[in-house]
Amino acid sequence: MTLRLVEFVVAGNEASDLLPVRSAALLRAHRARRAFWTVLDEGPVERCLALLLEREDGEWVAHHVPADAGAENGRTEDGEALAHHDGWVYVFGSHFGSKAGPLRPRRAFVARFREDDAATGTLPVHVVRNRFRLHRAINDALAAAPLTPLPPGDRVRHRFIVETLARGTARAKGWVSRLAEDDLPLNVEAAAFTPAGTVLLGLRFPVTAEGEPILVELVGVAGMFAADPAWPRAVGAYAVTGVTPPGELTGFRAIAPTGDGGYAAVIGSIDALGKGSVLLDDHPQGGAVTSRHVRFRLDVTPDARVAGKVVADLAPFHHVEGLAEAAGHCWYVTDEDHRVALWVD
């Protein structure tokens, strides 16, 4: 596959995920014939939303979107996944921590906004921090599923779970009741809503003991945003088979629905090389893994497997963070130092 590069600088930051703009009003406001949302991965979500725009004359530009999360300004970090549902754009935090742990409550959030609102001024963003409620729901779903997750390793468990519990207990945080010492640390990197209104969260970690990427299906995400919040429930956890090279570990980096009712995804390394990851210290076979573009349908077998197929090997890239299949092309965004790189086939 031959790819063409379009380069941007957006607040000196790197991009996560890629979501096509659906709002005609937003495209008109920027005189654009095509655009994608991306979320920058350093800082609170209201400072990290950006548009990658192809203007009517063919010029590509980036626009850092001014946004306001009200009382939640400055209280989130590490937005990773974007998804459309029912007229909203949803942003999911990683629910993870730094490369060396512990888990960070600021990353356990979901936000949403209306695309049309970005055409008329400062964008209102509704943020809900779930204080590890999704961590609990997903861990319970993984424990109930007929899957065997890869054990995280003693150092990972201590840094991400034991230390998080210790810090929360010392500070009398109510969320400590939602963590247990045998939990798995979660890294949410991808999201897509199903036609039924559930959301598929793609995990970068954990993976299965066979190294396969894991999806978790949640119901009731919109209820988080009600005046009297109702928290989501996990209704299943599934492994995607047939896409992981032998001897490697692959986690999700992106998911997007396709026009035929299926899903496209990017899978790749479980964490970045050369950045002090204790996860890779325990599981080095999950690091030097190149990205792959895969597809699957949500046809779940009784043993919680979903058959996938590889569309393209994206070697030598190790860091593809988002994809879109649009206008007969495949679009990818990569995590680069101090720039945003958009690639098109």
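At 11% relative accessibility, Cys330 is classed as buried, the term buried standing for under 20% relative accessible area, exposed for over 50%, and partly exposed for values in between (1.4 Å probe, protein chains only). Cys48 is likewise buried, at a relative accessible area of 2%. Zero disulfides are present in the structure, a disulfide being a pair of cysteine sulfur atoms within 2.5 Å. The structure is a predicted model, in which local features need pLDDT of at least 70 and side-chain atom pairs count only at pLDDT 80 or more, while totals for chains, interfaces and linings use all residues. Residues are numbered from 1 along each chain as its sequence is written, and side-chain values use heavy atoms, with hydrogens and water left out.

The largest pocket has a volume of about 690 Å³. On a 1 Å grid over the protein atoms alone, a pocket is an open set of points with protein on both sides within 12 Å along at least five of seven lines, and lining residues have an atom within 4 Å of a point. The volume is the space filled by probe spheres set on the points, and grid points are joined across faces, edges and corners. The lining of the largest pocket consists of 34 residues, with Asp41, Glu42, Lys99, Lys275 and Asp335 nearest the pocket centre. Two or more lining residues come from each of β12 (187-193) and β21 (329-336). By class, the lining has 18 charged, 12 polar and four nonpolar residues.

Two cis peptide bonds are described next. One runs from Gly101 to Pro102, with omega near -5°, and Pro102 lies in the loop between β8 (88-93) and β9 (109-114). A cis bond also joins Phe205 and Pro206, with omega of about 0°; Pro206 is placed in the loop between β13 (199-205) and β14 (214-219).

Ala172, though not a glycine, has a positive phi of about 55°. This residue is in the loop between α3 (154-170) and β12 and is exposed, at 69% relative accessible area. Ala327, also not a glycine, has a positive phi of about 55°, lies in the loop between β20 (320-326) and β21, and counts as exposed at 57% relative accessibility.

Key
On a 1 Å grid over the protein atoms alone, a cavity is a set of points where a 1.4 Å probe fits but cannot get out, and a pocket is an open set with protein on both sides within 12 Å along at least five of seven lines; lining residues have an atom within 4 Å of a point. Helices (H or I, at least four residues) and strands (E, at least two) are DSSP runs, numbered from the N terminus. Ala, Val, Leu, Ile, Met, Phe, Trp, Tyr, Cys and Pro count as nonpolar, Asp, Glu, Lys and Arg as charged, and the others, Gly among them, as polar.
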